[in-house]
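Thanks for coming. I have one structure to go through this morning, so please look at the screen and I will take it piece by piece.

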Amino acid sequence: MSDDAQQQWKTWHEDRVATVSEPYGPLALTGTHWLADAVDGRVPTLDGGMLPGRWTEGGDGGVDTISLSATAADGLTLDGRPLAGEVRLGEDSGPKAARVARGEQRYVVLRREGLWAVRVFDPDAENRRTFAGIDVFDYDERWVLKGLFRPYDASRTVRVGNADGQERGLGLGGELAFTVDGDEHTLQVAVEDDGSLWAVLADGTSGKDSYRFRFLRMPAPAADGAVTVDFNRTVLPPCAFADHFICPFPPPGNTLPVDVRAGERNRLTR
């Protein structure tokens with residue numbers, strides 16, 4: 001085993017734990033609230049309350065924005081300043097870019113398949129306070145494999161279940177082939193804007209020795225399709241850290257008939 005490779009993996013794991021446990025990391029998500037459930041702009045929350053302000057879709061701003069109306073009593077801020085009035089908001093790239101806040105909470109505007117939602121991130125969330133790390137399999141260089149990416153002639157979208165019980169489209173750009181113990185296996189993968197690959201997968205450990213499914217990201221393939229598949233960097237999906245994410249389940253064919261005893265296993269709590 002290469003000491004350098006194992007040290008690099010250890011550093012990667014430590015960075016993952018630090019990122020997950022950041023004040024506005026996935027552990028801080030306390031709710032995803034859909035505007036379609038609103039009545040007269042009042043969006044219900046899971047605890048029976050309402051989000052502060054009135055959140056509405058459409059209107060003069062068009063389909064790419066929503067409207068938020070608030071009074072001083074709502075306690076909201078926009079770009080760090082008290083909000084009293086109406087503002088148009090587009091989709092946020094994440095909690096660090098969220099324009100709307102209430103105290104330490106950040107309100108992230110989200111859009112999925114034409115539907116709008118507001119996610120609330122709270123640094124004082126219980127999941128963050130009880131987080132004790134990420135359980136992982138030991139690093140194993142046998143799970144660093146040579147892969148071959150075979151792009152589809154055209155991108156495909158398949159409907160898959162999501163962690164919130166809904167079914168949504170998952171875009172796929174090709175097939176990734178690799179060999180384990182002499183047998184070829186394949187995964188359907190998405191192609192990101194930078195050319196890197198992303199897979200949603202399950203295996204023989206899923207739901208037993210690891211979370212029910214996991215994610216794996218790989219670098220952009222070479223011109224001939226060659227790419228390194230390092231299962232030691234298989235990660236938990238965001239919904240393993242907070243129930244309010246809408247992670248996609250593995251598409252058909254992405255449940256491997258082998259035990260991938262590599263990568264992240266489960267969230268640890270205290």
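In the lining of the second largest pocket, eight residues are nonpolar, five are polar and seven are charged. Before I go on, note that this is a predicted model. The volume of this second largest pocket is about 370 Å³. It has 20 lining residues, and those closest to its centre are Thr32, Trp34, Asp164, Arg168 and Ile246. Strand β1 has the largest share, with three residues.

Now the largest pocket, which comes to about 1300 Å³ in volume. The lining here is made up of 45 residues, and Arg112, Trp198, Phe215, Arg217 and Pro238 are the closest to the centre. Sorted by class, 26 of the lining residues are nonpolar, seven polar and 12 charged. Which elements supply at least two residues each to this lining? They are α1 (3–20), β8, β9, β12 (167–180), β13 (183–191) and β15 (214–218). The biggest contribution is from β12, at five residues.

Over the whole structure the search finds 18 salt bridges. I will show three of them.

Start with arginine 112, one of the residues closest to the centre of the largest pocket. Arginine 112 is in a salt bridge with glutamate 91, and their closest N and O atoms are 3.6 Å apart. This pair links distant parts of the chain, 21 residues apart: arginine 112 sits in strand β8 (residues 105–112), and glutamate 91 in the loop between β6 (85–89) and β7 (100–102). Are these two buried, exposed or partly exposed? Arginine 112 has a relative accessibility of 33%, so it counts as partly exposed. Glutamate 91 is at 43% and therefore also counts as partly exposed.

The second pair is arginine 159 with glutamate 113, whose side chains form a salt bridge at 2.9 Å, N to O. Arginine 159 belongs to strand β11 (residues 144–161) and glutamate 113 to the loop between β8 and β9 (115–121), so this bridge ties together parts 46 residues apart in sequence. Arginine 159 counts as partly exposed because its relative accessibility is 46%.

Aspartate 230 is located in strand β16 (residues 226–230). Is it buried or exposed? With a relative accessible area of 16%, aspartate 230 is buried, because the cut-off for buried is under 20%. Its side chain makes a polar contact of 2.9 Å with the side chain of asparagine 232. What else does aspartate 230 touch, once neighbours within four places in sequence are left aside? The contacts are Trp143, Val144 and Leu216.

That is the end of my part.

Definitions and conventions: Residues are numbered from 1 along each chain as its sequence is written. This is a predicted model: local features need pLDDT of at least 70, side-chain atom pairs count only at pLDDT 80 or more; totals for chains, interfaces and linings use all residues. Side-chain values use heavy atoms; hydrogens and water are left out. Helices (H or I, at least four residues) and strands (E, at least two) are DSSP runs, numbered from the N terminus. Buried means under 20% relative accessible area, exposed over 50%, partly exposed in between (1.4 Å probe, protein chains only). A polar contact is a pair of N or O atoms within 3.5 Å; within protein, one must be able to donate a hydrogen and the other to accept it, and residues adjacent in sequence count only if both atoms are side-chain atoms. Contact means heavy atoms within 4.5 Å. A salt bridge is a side-chain nitrogen of Lys or Arg within 4 Å of a carboxyl oxygen of Asp or Glu. On a 1 Å grid over the protein atoms alone, a cavity is a set of points where a 1.4 Å probe fits but cannot get out, and a pocket is an open set with protein on both sides within 12 Å along at least five of seven lines; lining residues have an atom within 4 Å of a point. Grid points are joined across faces, edges and corners, and a volume is the space filled by probe spheres set on the points. Ala, Val, Leu, Ile, Met, Phe, Trp, Tyr, Cys and Pro count as nonpolar, Asp, Glu, Lys and Arg as charged, and the others, Gly among them, as polar.
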